[in-house]
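My notes follow in the order I looked things up.

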Amino acid sequence: MSGHSKWATTKHKKAALDAKRGKLFAKLIKNIEVAARTGGPDPDANPTLFDAIFKAKKNSVPNDNIERARKRGGGLEAGGADWQTIMYEGYAPGGVAVLIECLTDNRNRAASEVRVALTRNGGSLADPGSVSYMFNRKGVVIVPKQNGLDEDTVLMAVLEAGAEEVNDMGDSFEVVSEAGDLVPVRRALQEAGIDYDSAESSWLPSMSVPLDEEGAKKVFRLIEALEDSDDVQNVYANFDVSDAVLERLGAE
């Protein structure tokens with residue numbers, strides 16, 4: 001799990017700077033719209049919307065775009081799409097299990113794009129339930145390392161709020177909790193004056209598949225192909241890659 005999380009954290013940082021910035025913005029905007037539609041347009045009364053807006057701001061999405069998405073989703077402005085959440089299950093090369101979370105207004109297009117990305121990159125679709133049992137829904141807060149912040153300080157701030165563990169991810173800490181404890185954990189960090197990059201529900205693997213450099217290349221290529229689809233919001237996978245392999249791949 002640690003290898004996957006470190007890879008995801010590194011990729012997240014690079015995503016804000018690379019040519020796919022527009023795609024990242026679009027996905028963050030969709031999150032806001034859906035959160036507002038599901039729980040109402042007031043972020044103070046809708047923690048999911050609060051977290052979606054916070055993450056969008058952290059990734060430099062313009063405030064005007066955020067506000068329009070909030071209003072569209074909350075029914076305060078016309079133009080909101082009928083977004084549907086669909087979860088596909090599959091396998092990547094090397095027997096790595098993959099969960100593909102889509103947010104789409106066209107189920108047929110989403111299914112086709114997921115299937116094509118998998119088959120062209122050595123993966124395959126799996127039957128519902130054949131992969132998801134290897135993942136648990138968790139709350140995940142990413143806390144950047146800054147101002148001398150250490151793991152013990154973060155742990156002390158969140159322990160009583162329901163945090164299960166704090167993982168050192170290199171440039172940041174990953175705070176893991178039950179999904180239902182995400183908001184109390186996030187609030188505990190805020191009350192302690194600790195800045196964070198994102199707070200959201202995520203699917204974390206309960207078992208992992210170790211990958212060598214060649215295997216990691218294949219899995220990363222597949223995940224990037226999936227994430228290229230506008231309908232794919234998140235991809236979760238149960239691989240583990242060593243720091244040494246990550247460094248070698250990052251240098252390429």
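**Core**

Which residues does I100 touch, not counting residues up to four places away in sequence? I listed them from the predicted model: I86, M87, Y88, V114, L118, L226, V232 and N234.

I then looked at the core around I100. The largest nonpolar core has 28 residues, and I100 is among the members that touch the most others, along with V96, L226 and F239. I noted which elements give two or more residues to this core: β1 (84-92), β2 (96-104), α5, β8 (209-211), α8, β9 (232-237), β10 (239-241) and α9 (243-250). Helix α8 puts in the largest share, 6 residues. I also found a second, separate core, this one of 18 residues, with V143, V175, A188 and A199 among them. For background, I reminded myself that nonpolar side chains tend to be buried together in soluble globular proteins.

**Confidence**

The mean pLDDT of the chain is 89, and 90% of the residues score at least 70.

**K138**

Next I went to K138, which sits in strand β4. Is K138 buried or exposed? I get 13% relative accessibility for K138, so this lysine counts as buried, the cut-off being under 20%. I looked for polar partners and found two glutamates. The K138 side chain makes a polar contact of 3.0 Å with the side chain of E164, and another of 2.9 Å with that of E178. Leaving aside neighbours within four places in sequence, I also have K138 in contact with V176, S177, A179, E200, S201, S202 and L204, besides those two glutamates.

**The β5-β6 hairpin**

Strand β5 (residues 163-168) pairs with strand β6 (residues 172-178) in the antiparallel sense, over 5 bridges. I looked up E165 and found V176 of β6 as its bridge partner. The hairpin has 3 residues between the strands, and G170 takes a positive phi near 100° there.

Most residues other than glycine have a negative phi, and I wanted the exceptions. S60 has a positive phi of about 65°. I placed S60 in the loop between α3 (47-58) and α4 (63-73). Its relative accessible area is 45%, so S60 is partly exposed.

N147 also has a positive phi, near 55°. I placed N147 in the loop between β4 (135-144) and α6 (151-158). How accessible is N147? I get 80% relative accessibility, so N147 counts as exposed.

**R221**

My last stop was R221, in helix α8 (residues 213-227). At 46% relative accessibility, R221 counts as partly exposed. How far apart are R221 and N121, in sequence and in space? I noted 100 residues in sequence and 7.1 Å in space, C-alpha to C-alpha.

Note on methods: Residues are numbered from 1 along each chain as its sequence is written. Side-chain values use heavy atoms; hydrogens and water are left out. pLDDT is the predictor's confidence in each residue, from 0 to 100. Helices (H or I, at least four residues) and strands (E, at least two) are DSSP runs, numbered from the N terminus. Buried means under 20% relative accessible area, exposed over 50%, partly exposed in between (1.4 Å probe, protein chains only). Two strands pair if DSSP finds at least two bridges between them. A nonpolar core is a set of buried Ala, Val, Leu, Ile, Met, Phe, Trp, Tyr and Cys residues joined through side-chain atoms within 4.5 Å. Contact means heavy atoms within 4.5 Å. A polar contact is a pair of N or O atoms within 3.5 Å; within protein, one must be able to donate a hydrogen and the other to accept it, and residues adjacent in sequence count only if both atoms are side-chain atoms.
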